[in-house]
Amino acid sequence: MKILYFHQHFSTPKGSTGTRSYSFAKRLINRGHSVSMVCGSYWIASSGLKGKFINGKREGKVDGINVIELKIDYSNKDNYFSRIISFLAFSFRGIKIAIYRDYDIIFATSTPLTAGIPGIFAKYLKNKKFVFEVRDLWPELPKAMGVIKNPIILKLMDFLETVSYKSADGIIGLAPGIVSGIRKKVPNKNIVMIPNGCDNNLIKKKNNFQSRNKFIATFTGAHGFANGLNIILDAAKIIQNLNESDIEIHFIGDGAVKESLQKRAERENIENCIFLEPLSKKKLFKYLNDNVSVGLMTLKNIPEFYYGTSPNKFFDYISLGLPVLNNYPGWIADIIRRNNCGLVVDPDNPKAFADALIYLKLKPHLLNKMRANGIALSKKKFD
């Protein structure tokens with residue numbers, strides 16, 4: 001079967017972002033299918049292609065995947081207008097590819113929501129089967145965050161979301177809240193939940209926490225408004241004031257708020273925070289495995305996040321056996337508690353966050369127990 005796969009932010013493991021679509025494509029190829037991956041030029045991604053762009057496009061084989069990269073630049077640091085232009089440019093150029101390419105089934109994954117537009121056109125103009133994967137509920141999440149307030153734009157997004165769901169022959173949701181949100185709009189559709197997963201083969205030997213000189217806790221991934229990262233700086237300040245000098249917090253990644261976080265740390269003399277550049281997946285795993293004792297997860301205290309996200313970092317952490325410190329309720333918090341692979345603290349409570357880090361530092365045997373539980377969970381449920 002020939003599969004035409006749309007993911008604007010596609011990356012191979014050489015990039016510094018999620019590799020879900022790469023893993024999906026590789027497994028489809030291993031089952032005898034052919035996959036053509038259509039993507040844009042995402043700021044921290046790597047399509048695997050090295051050649052020049054000709055007429056705004058380059059194409060070639062990457063690990064068996066036929067990658068079609070469109071010269072449409074995108075960064076999380078872009079302003080709102082630039083992002084919209086990028087999203088629309090990708091979807092409109094994708095329509096042309098969907099109309100003229102030869103394939104059997106079209107697969108599109110958000111975000112952004114506009115990634116599904118080529119699938120809608122393929123469904124009705126070429127009578128192709130269309131599978132839509134939903135990574136975030138739009139416009140629900142942007143509306144809850146206050147990022148988009150214009151009622152006209154919100155209505156247009158709601159319309160596009162509804163049309164995408166109704167056009168799709170099958171829908172994938174990455175989290176329970178996403179699936180239930182889809183089902184409210186299209187209750188009779190074929191909907192399945194497939195969360196993000198664990199790359200259990202990237203690190204063969206997991207290190208022992210007791211051999212570390214420093215107790216390092218690390219946040220990885222996008223440094224965006226949604227992540228609520230100031231609470232980590234608040235906790236770091238509390239830890240510093242308690243003279244817990246052997247605890248360090250590392251931030252690995254980039255995003256719209258990284259510079260402001262760095263300036264705040266410098267302004268307030270928060271010296272136990274270190275900011276590092278994004279790393280490729282393999283380099284990130286090696287760094288975490290060799291240096292880090294705890295993986296950090298934070299989000300703003302917005303109820304829509306509780307069951308409506310499937311964070312890559314959680315699955316990366318448990319695959320490495322890193323205990324997870326999480327500060328928001330929901331299905332991931334439930335998994336952490338149920339499997340004893342980390343700690344969950346209340347939202348908007350930096351003291352509880354700081355206390356949890358100090359507690360974990362003082363309990364190396366507990367860390368190793370959580371480590372074993374996380375690895376077992378990653379292999380049993382999320383490999």
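Reader: Why are H7 and H8 called roughly parallel to each other?

Author: Two packed helices are described by the angle between their axes and the distance between the axes. In this predicted model, local features need pLDDT of at least 70 and side-chain atom pairs 80 or more, while totals for chains, interfaces and linings use all residues. Numbering runs from 1 along each chain as written, and side-chain values use heavy atoms, without hydrogens or water. Helix H7 (residues 230-241) packs on H8 (residues 258-267) at about 20°, axes 11 Å apart. H7 and H8 are therefore roughly parallel (under 35 degrees).

Reader: Which residues of H7 and H8 make the contact?

Author: Asn230, Leu233 and Asp234 of H7 meet Leu261, Arg264 and Ala265 of H8 (contact: heavy atoms within 4.5 Å). By class, three are nonpolar, one is polar and two are charged.

Reader: At what angle do H11 and H14 cross?

Author: Roughly 115°, with the axes of H11 (residues 312-320) and H14 (residues 364-381) coming within 6 Å. H11 and H14 are therefore roughly perpendicular (65 to 115 degrees). Phe314, Ile318, Ser319 and Leu320 in H11 touch Gly374, Ile375, Leu377 and Ser378 in H14. That contact has five nonpolar, three polar and no charged residues.

Reader: Which side chains of strand S3 are buried?

Author: Arg58, Gly60 and Val62 are buried on one face of S3 (residues 57-62) (buried: under 20% relative accessible area, 1.4 Å probe, protein chains only).

Reader: In which sense do S3 and S4 pair?

Author: Antiparallel, over six bridges, with S4 at residues 65-74 (pairing: at least two DSSP bridges). Lys57 stands opposite Leu70 in S4. Two residues separate the strands of this hairpin, and Asp63 in the turn has a positive phi of about 55°.

Notes:
Buried < 20%, exposed > 50% of the residue type's maximum accessible area, 1.4 Å probe, protein only. Helix = DSSP H or I, 4+ residues; strand = E, 2+ residues; numbered from the N terminus. Axes fitted to C-alpha atoms, helices over the stretch in contact; angles between N-to-C directions. Parallel < 35°, antiparallel > 145°, perpendicular 65-115°, else oblique. Nonpolar A, V, L, I, M, F, W, Y, C, P; charged D, E, K, R; others polar.
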